[in-house]
Amino acid sequence: KIENNAVRFIFGLYGKRRKESITPYLKQLHFLPVRYRIQFKIALLVYKCINNLAPDYLKCLIKLREIKRRFSRLDDDFFLLRVPPRSNFSRTEAAFCHSGPQIWNRLPFSIRSIGELENFKTALKTYFFNLAFSNDK
């Protein structure tokens, strides 16, 4: 809601224009919708955990998945995380130890394998921006 109000303020969308969709304005400002911004932040925290840039209390929540194949590995098998089993409680699914690996494992291998933090952030934001606005023309 705050993000929407900020966009309305920046573009002067008041009065009759208040009901106008703000999606094109979000795209023009290169703002991620809140849902994608949350996923961006979680994926960034997971990246920092994997690369020892996060505090220990977060790093201990993230575990790399063990590959138990006897055959050759596929390139995108690297950097996948172990997802904890589903819980009976819906609140638990929102916890970092559950949502972090799920979001991370959905990222393309080309993004998961980036070594530099700044390059990762740029690629990640571009990825989520394209996801958020892929239906727009």
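This is a predicted model: local features need pLDDT of at least 70, side-chain atom pairs count only at pLDDT 80 or more; totals for chains, interfaces and linings use all residues.
Colleague: How many helices and strands does the protein have?

Modeller: There are eight helices and zero strands, so that, read from the N terminus, the elements run α-α-α-α-α-α-α-α.

Colleague: And what share of the contacts with a separation of 6 or more comes from residues 24 or more positions apart?

Modeller: Such residues account for 52% of those contacts.

Colleague: Why would residues three or four places apart point the same way?

Modeller: Because an α-helix has 3.6 residues a turn.

Colleague: What follows α1?

Modeller: Gly12 follows the helix, and its phi is positive, near 65°. Tyr14 is also found in the loop between α1 and α2, and with a relative accessible area of 46% Tyr14 is partly exposed.

Colleague: Which residues make the nonpolar surface patch?

Modeller: The patch, of about 360 Å², is made by Phe9, Ile10 and Tyr14. As for the protein as a whole, its accessible surface comes to about 9,600 Å², and 55% of that belongs to carbon and sulfur atoms.

Colleague: Changing topic to the rings: how many aromatic pairs does the structure hold?

Modeller: It holds six aromatic pairs. One of them is formed by Phe11 and Tyr25, which are tilted, with 4.7 Å centre to centre and 45° between the planes. Phe11 lies in helix α1 and Tyr25 in helix α2, so this pair ties together parts that are 14 residues apart in sequence.

Colleague: What about Trp104 and Phe120?

Modeller: Trp104 and Phe120 form a tilted pair as well, at 5.8 Å centre to centre and 35° between the planes. That pair links distant parts of the chain, 16 residues apart, with Trp104 in helix α6 and Phe120 in helix α8 (residues 117–132). Trp104 is buried, with a relative accessible area of 1%, and Phe120 is buried too, with a value of 0%.

Colleague: Which residues does Trp104 touch, leaving out those up to four places away in sequence?

Modeller: Besides Phe120, Trp104 touches Ala43, Val46, Tyr47, Ile50, Phe79, Leu81 and Arg112. The C-alpha atoms of Trp104 and Leu80, which are 24 residues apart along the chain, are separated by 7.4 Å.

Colleague: Is Gln39 buried or exposed, and where does it lie?

Modeller: Gln39 lies in helix α3, and its relative accessible area of 18% counts as buried because the cut-off is under 20%. Not counting residues up to four places away in sequence, Gln39 touches Ile103, Arg106 and Phe128.

Colleague: Which residues do ring pairs link into a cluster?

Modeller: The cluster consists of Tyr36, Tyr127 and Phe128, linked by ring pairs; Phe128 is also one of the residues that Gln39 touches.

Technical notes
Residues are numbered from 1 along each chain as its sequence is written. Side-chain values use heavy atoms; hydrogens and water are left out. Helices (H or I, at least four residues) and strands (E, at least two) are DSSP runs, numbered from the N terminus. Contact means heavy atoms within 4.5 Å. Accessible areas come from the Shrake-Rupley method with a 1.4 Å probe; for residues, only the protein chains shown count as cover. Patches are made of residues with over 30% relative accessible area and no salt bridge: like charges are joined within 9 Å, nonpolar side chains (Val, Leu, Ile, Met, Phe, Trp, Tyr) within 5 Å. A salt bridge is a side-chain nitrogen of Lys or Arg within 4 Å of a carboxyl oxygen of Asp or Glu. Buried means under 20% relative accessible area, exposed over 50%, partly exposed in between (1.4 Å probe, protein chains only). Rings of Phe, Tyr and Trp (its six-membered ring) pair if their centres lie within 6.5 Å; planes under 30 degrees apart count as stacked, over 60 as edge-to-face and the rest as tilted.
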